[in-house]
Amino acid sequence: MRTHGRILHRASGLGGKLLKATSTVSRKQFGFFTRLLDAVPAGQRYALALEQIKAAETYGFHSAWVAQHHFHGDEGGLPSPFPFLSYVAANTSRIRLGTGVVTLVTEEPVRTAEDAVVTDILSGGRLEVGFGSGGTPASYLAFGERFEDRHATFNRNLNTVKSAWKGGELPGDNQLWPQGTGLEKRSWQATFSAFGGKKAGEDSDGLLLSRTQPRPAARPDASLSDLQLPIVEAYLAALPSGQAPRILASRSVFVADDREEALQLARTGLSRQVKKFRAAGHTIDDTNIETLIRTFDVHLGTPEDVLESLSKDRTLDHATEIAIQVHSVDPEHRFILRSLELFATKVAPEL
């Protein structure tokens, strides 16, 4: 892995624009991401996710990230990330623990700030807090919110959380206790748009990029890099001078000993997701397994296959961290553990 200081990248797909990135790290970091979707009851999902995160720590992964989802267990198995991450913290020692993401529109911001501080203390300062406004539209109603208002509500709640972490005064002449632990410097924002990338940069937050995202109707064949490099450019341009970028790119990665076995598992897993993704606005070509892999942006196969595939992803040139997840292949637990091992020992050293 190459060492880089202050560098200029000419990014493909950006009309020749230059992306300027500042980084103090000499090695790209790797993370593990889970939506806790193992096909077992909730208690077993949490136990298996802990085992997967402990394996990631053993294999040297820098971070583990969990998603928050309300009500729909087939989309995500964790409505309350902070209690779960406190549980993980008690069973790990080094790996950083992140939320990818807290859906802040559906959360009370002061309580979110408190829960994050307590989790950070219990983890020994290992918490990273990613925020987003997205989610299943119907879920907002249960929290008295409207999907149409999500961006304004998100901005208001995020300002409250970060102000509380920094010791700002809350209504009633109150301040957060325990006091903030520097979490405002470990805050991240997830976005699908250049506008959102600009906001994350202006706020000096980290940028969270998704494993896949819908293609515009006019660009159904656009690559994920085509969509995400403009977000990266907007983020980097908006960062305050001297602020080091934090860019985490999540990617669907499933590494196996045998490509045919990986394809068979992917055929089962990806086919289950077609209807749901189409309903969410994705254009899905389900002609065959290869078109499914391409349209779901999956990097799959042997370590050599995955390395070749990831090496073509130009967004990763600018990521300070790559977080891998097995969704939407969603194989059984034993395959997830093997994928983590193969990625850590065969793929990561070559990236």
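The model is predicted, so local features need pLDDT of at least 70 and side-chain atom pairs count only at pLDDT 80 or more, while totals for chains, interfaces and linings use all residues. Residues are numbered from 1 along each chain as its sequence is written, and side-chain values use heavy atoms, with hydrogens and water left out.

View A. A salt bridge is a side-chain nitrogen of Lys or Arg within 4 Å of a carboxyl oxygen of Asp or Glu. Lys 162 lies in helix 4 and Asp 205 in the loop between helix 5 and strand 8, so the pair ties together parts that are 43 residues apart in sequence. Helices (H or I, at least four residues) and strands (E, at least two) are DSSP runs, numbered from the N terminus. Lys 162 is buried, at a relative accessible area of 10%, and Asp 205 is buried at 1%. Buried means under 20% relative accessible area, exposed over 50%, and partly exposed in between (1.4 Å probe, protein chains only).

**View B. The salt bridge of Arg 251 and Asp 313.** The N to O distance is 2.6 Å. Arg 251 belongs to strand 9, and Asp 313 to the loop between helix 9 and strand 11 (321-325), 62 residues apart. Both Arg 251 and Asp 313 are buried.

**View C. Other salt bridges, from a count of 18.** Glu 332 and Arg 334 meet through their side chains at 3.5 Å, N to O. Glu 332 and Arg 334 are both exposed. Elsewhere, a network of salt bridges links Arg 111, Glu 114 and Asp 115.

**View D. Arg 126, a buried residue without a salt bridge.** Arg 126 sits in the loop between helix 3 (109-122) and strand 6 (127-132). The nearest side chain of opposite charge is Glu 57, 4.4 Å away; Lys and Arg count as positive and Asp and Glu as negative, with His and the chain ends not counted. A polar atom of the Arg 126 side chain lies 3.0 Å from the backbone oxygen of Ala 89.

**View E. The largest pocket, with a volume of about 1,700 Å³.** On a 1 Å grid over the protein atoms alone, a pocket is an open set of points where a 1.4 Å probe fits, with protein on both sides within 12 Å along at least five of seven lines; lining residues have an atom within 4 Å of a point. Grid points are joined across faces, edges and corners, and a volume is the space filled by probe spheres set on the points. The lining has 48 residues, with Ser 133, Gly 134, Gly 135, Phe 192 and Ser 210 nearest the centre. Helix 4 gives the most to this lining, with four residues. By class, the lining has 18 nonpolar, 24 polar and six charged residues. Ala, Val, Leu, Ile, Met, Phe, Trp, Tyr, Cys and Pro count as nonpolar, Asp, Glu, Lys and Arg as charged, and the others, Gly among them, as polar.

**View F. The second largest pocket, with about 800 Å³ of space.** Its lining has 29 residues, with Ile 293, Arg 294, Thr 295, Asp 297 and Val 298 nearest the centre. Helix 8 gives the most to the lining of this pocket, with four residues. By class, seven residues of the lining are nonpolar, nine polar and 13 charged.

Conventions. A polar contact is a pair of N or O atoms within 3.5 Å; within protein, one must be able to donate a hydrogen and the other to accept it, and residues adjacent in sequence count only if both atoms are side-chain atoms.
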